[in-house]
Amino acid sequence: MVLADLTAGAVEDAERRAQTRPLAEVERAALARPAARDALAVLAPADRVKIIAEVKRASPSRGALAEIPDPALQASLYEQGGASAISVLTEERRFGGSLADLEAVTGRVSLPVLRKDFIATPYQVLEARAAGADLALLIVAGLEREVLTQLHALILELGMTPLVETHSAEELEVAIDLGASLIGINARNLKTLELDRDLFARLADRIPDTAIRVAESAVLAPEDVRRYREAGADVVLIGEALVTGDPVATLGAFLEAGSSVIRPRKETL
């Protein structure tokens, strides 16, 4: 199972880092950080689509994508292009990321920054805050319910925002029961790497209007953003298309396409 292997590898790498930077030290660094940016306010439903732009060198499904020698520069171009938030892949083995990338990005941009990784331990959450992250990813499929609940609570306690990622109706119910305010639906099944382009459209209406809806994966062209917006996305997370082309121009085209559709909602946050 791809997701299980990725999670196990990420946890093993975190345990290795803990040998030189103990939990207590990371916790002190996390608590010493200035308050996290309010990602919910930035990503709240509006009359235009919001984009989380991702710094991503590679993936298990696509292999190498881009070298990105300067992740902070890449993120600053995203900010210039109109992104609402930045996602940084910090997984080392298959995505080529690092905590150093995260620290570089959080030190450069004024936007909320997401640590995107296979987070399964409190140590990883504390690392995220210590590196300046404002959001942290939790993947429902990769976590036991008790662990998911504990990590979700810790992220909130640190003043951060959890992005709770789902891939099925059952996982979506878990996220809703958890009280998640930022819920992602990933078209990519991380257990098999298969892509279901219609998944968001089938599941989005199950998300209450008190939560922000995030569409993830399967975005290569402006019409993909438009399609997600028409299906109810408040936010679209985009990686590959932005690292393989001109990020500013690509973001402009994606924002224009998504903002041509106004998604009515019964409530606002």
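Predicted model: local features only at pLDDT ≥ 70, side-chain atom pairs only at ≥ 80, totals over all residues.
Visitor: Is Q74 buried or exposed?

Guide: A residue counts as buried when its relative accessible area is under 20%, and since Q74 has a relative accessible area of 13%, Q74 is buried.

Visitor: Which residues is Q74 in contact with, leaving aside its neighbours within four places in sequence?

Guide: With those neighbours set aside, the contacts of Q74 are V55, I68, L242, V243 and P247.

Visitor: How should I read the pairing of individual strands, and over how many bridges do β5 and β6 pair?

Guide: Strand β5 (residues 113-116) and β6 pair in the parallel sense over two bridges, and within this pair L114 stands opposite L135 in β6. Moving along, strand β6 (residues 135-139) pairs with β7 over five bridges, again in the parallel sense, and here I139 stands opposite E165 in β7.

Visitor: Which residue in β8 is the bridge partner of E165?

Guide: On that side the bridge partner of E165 is G184, while V164 stands opposite I183 in β8; β7, which covers residues 161-166, pairs with β8 in the parallel sense over three bridges. The residue G184 also stands opposite V214 in β9, where β8 and strand β9 (residues 212-216) are paired in the parallel sense over five bridges.

Visitor: Which helices make β-α-β units with these strands?

Guide: Helix α7, residues 145-157, makes a right-handed β-α-β unit with β6 and β7, and helix α8, residues 169-178, makes a right-handed unit with β7 and β8.

Visitor: How do I read the two faces of a strand, and which residues of β7 point one way and which the other?

Guide: In a regular strand the side chains alternate between the two faces of the sheet. In β7, T161, L163 and E165 point one way and P162, V164 and T166 the other, and all are buried. Because six of the six residues of β7 are buried, this strand is largely enclosed by the rest of the structure.

Visitor: How are two packed helices described, and at what angle do the axes of α10 and α12 cross?

Guide: Two packed helices are described by the angle between their axes and the distance between the axes. For helix α10 (residues 222-230) and helix α12 (residues 247-259), the axes come within 8 Å and cross at roughly 35 degrees, and the crossing is right-handed.

Visitor: Which residues of α10 and α12 meet there?

Guide: From α10 come P222, V225, R226 and R229, and these meet A253, F254, A257 and G258 in α12. The residues of this contact divide into five nonpolar, one polar and two charged.

Methods:
Residues numbered from 1 in each chain as written. Heavy atoms only, no water. Pairing = 2+ DSSP bridges. Helix = DSSP H or I, 4+ residues; strand = E, 2+ residues; numbered from the N terminus. Right-handed = clockwise from strand over helix to strand, strands pointing away. Axes fitted to C-alpha atoms, helices over the stretch in contact; angles between N-to-C directions. Left-handed = near helix turned anticlockwise from the far one by under 90°. Contact = heavy atoms within 4.5 Å. Nonpolar A, V, L, I, M, F, W, Y, C, P; charged D, E, K, R; others polar. Buried < 20%, exposed > 50% of the residue type's maximum accessible area, 1.4 Å probe, protein only.
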